[in-house]
Amino acid sequence: MTDNTTNNQPHKRRVRYSGKYPKRFEEKYKELQPEKYADMAEHIKAKGGTPAGTHISICVKEILEFLDIKPGQQGLDATFGYGGHTEHMLGCLQGSGHICALDVDPIESEKSKARLRARGYGEDLLTVHLMNFADIDKIAAERGPFDFILADLGVSSMQIDNPERGFSFKVNGPLDLRLNPHKGKSAAERLQEVNFEELIGMLEENADEPYARQIASAVLNTRKKGLPLATTLDLKGVIEKALEKECVGLSVKDRKDLVKKSCQRTFQALRIDVNREFEVLYAFLEKLPGALKSGGRCAILTFHSGEDRLVKKAFKEGQREGLYADVARDVIRPSAEECVANPRARSTKMRWAIKA
């Protein structure tokens with residue numbers, strides 16, 4: 001007689017949502033399975049949205065035109081993410097050559113690797129490394145130098161959309177903001193230890209926040225009173241409180257816009273801090289020329305002025321020192337059509353360099 005205790009588990013129904021459309025991330029099961037529900041995914045994209053748990057790659061046409069990838073070449077995607085750019089670059093190789101992909105997010109990189117493996121890109125064509133792109137010299141010593149390198153410095157949509165990651169102030173979740181949630185201190189932990197002047201500096205330097213002093217004061221007052229500051233909505237509430245005087249006399253729409261923009265900048269500043277993004281970018285840019293072959297090409301996508309300034313300066317200095325034969329004189333931006341189809345592309349700037 002067989003034991004059926006493990007086979008006769010009660011069927012667990014999928015969580016149903018109220019209303020016509022799902023609102024919570026975990027309820028959007030069709031969006032979270034775009035391979036199975038392709039029509040749903042295309043419907044959302046057609047309306048200018050990004051299906052939950054997915055990511056729409058930016059400036060694909062511009063990147064591929066510049067990198068000019070040939071079959072047989074060796075490349076590096078320094079920020080693997082959802083794997084969209086990687087898949088397009090693999091297509092250019094036509095089954096001959098290799099791409100190394102780096103990412104610090106152990107959760108999403110595994111999903112992306114599995115997705116590309118299922119589409120026929122095996123270990124011979126693609127290797128994925130759980131590695132920060134600040135260590136580009138290590139992967140270059142092992143698999144390089146490379147014919148082409150891409151670095152997309154933006155946060156992936158699947159990280160932003162998942163409330164458990166704490167990247168968005170639009171839904172409640174733990175105030176985390178780490179790209180690798182298993183390493184380092186979360187944003188909530190940083191806010192419990194940072195002092196007044198340090199927090200002002202963080203907000204101004206990482207996000208050009210005009211109300212940095214007011215927000216820093218409100219954060220420290222919240223800490224002093226022992227009030228919660230552990231979730232995304234906790235921090236949003238503190239920012240709203242900090243800007244009360246600035247909102248006097250404004251219309252409802254203008255008040256919402258003011259708070260929204262300060263929330264965006266504050267979350268950006270914290271994310272940069274907890275992931276040490278500027279330090280990591282400095283290291284990457286310093287090691288980048290040594291990872292490229294002579295004539296090798298690199299394209300970098302940035303999403304805020306601080307990143308773009310660093311990339312622009314590094315490329316210009318590299319050209320003066322004879323490390324680069326040519327660099328972008330002006331930024332390349334996504335087309336107006338792409339920005340309509342994907343609003344998250346609006347702040348994107350692309351810069352490039354060619355190794356001497």
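Predicted model: local features only at pLDDT ≥ 70, side-chain atom pairs only at ≥ 80, totals over all residues.
Colleague: What does that make H8 and H9 to each other?

Modeller: Oblique. Angles over 145 degrees would count as roughly antiparallel, and the crossing is at roughly 135°, so H8 and H9 are oblique to each other.

Colleague: Left-handed or right-handed crossing?

Modeller: The crossing of H8 and H9 is right-handed.

Colleague: Which residues make the contact?

Modeller: From H8, Phe196, Glu197, Leu199, Ile200, Leu203 and Glu204. From H9, Ala212, Arg213, Ile215, Ala216, Ser217, Val219 and Leu220.

Colleague: And by class, what does the contact of H8 with H9 have?

Modeller: There are 9 nonpolar residues, 1 polar and 3 charged.

Colleague: New topic. How many salt bridges does the count come to?

Modeller: The count comes to 22 salt bridges. In general, side chains of opposite charge can pair when their charged atoms come close.

Colleague: Start with glutamate 65. What does it form a salt bridge with?

Modeller: Its partner is lysine 61, and the closest N and O atoms are 3.0 Å apart. Both residues lie in helix H2, residues 60-67, and they are 4 residues apart, about one turn of the helix.

Colleague: Is glutamate 65 buried or exposed, and what about lysine 61?

Modeller: Glutamate 65 is exposed, with a relative accessible area of 54%. Lysine 61 is exposed as well, at 55%.

Colleague: What about arginine 178 and aspartate 176, buried or exposed?

Modeller: Both are buried. Arginine 178 forms a salt bridge with aspartate 176, with the closest N and O atoms 2.8 Å apart.

Colleague: Aspartate 308 and lysine 349 meet in a salt bridge too; what is the N to O distance?

Modeller: For that pair it is 3.8 Å.

Colleague: Why does aspartate 308 count as buried?

Modeller: Because its relative accessibility is 7%, and buried means under 20%. Lysine 349, at 22%, counts as partly exposed.

Colleague: Which residues do salt bridges that share partners join into one network?

Modeller: Lys185, Arg190, Glu193, Glu198 and Asp273 are joined that way.

Notes
Residues numbered from 1 in each chain as written. Heavy atoms only, no water. Axes fitted to C-alpha atoms, helices over the stretch in contact; angles between N-to-C directions. Helix = DSSP H or I, 4+ residues; strand = E, 2+ residues; numbered from the N terminus. Parallel < 35°, antiparallel > 145°, perpendicular 65-115°, else oblique. Left-handed = near helix turned anticlockwise from the far one by under 90°. Contact = heavy atoms within 4.5 Å. Nonpolar A, V, L, I, M, F, W, Y, C, P; charged D, E, K, R; others polar. Salt bridge = Lys/Arg side-chain N within 4 Å of Asp/Glu carboxyl O. Buried < 20%, exposed > 50% of the residue type's maximum accessible area, 1.4 Å probe, protein only.
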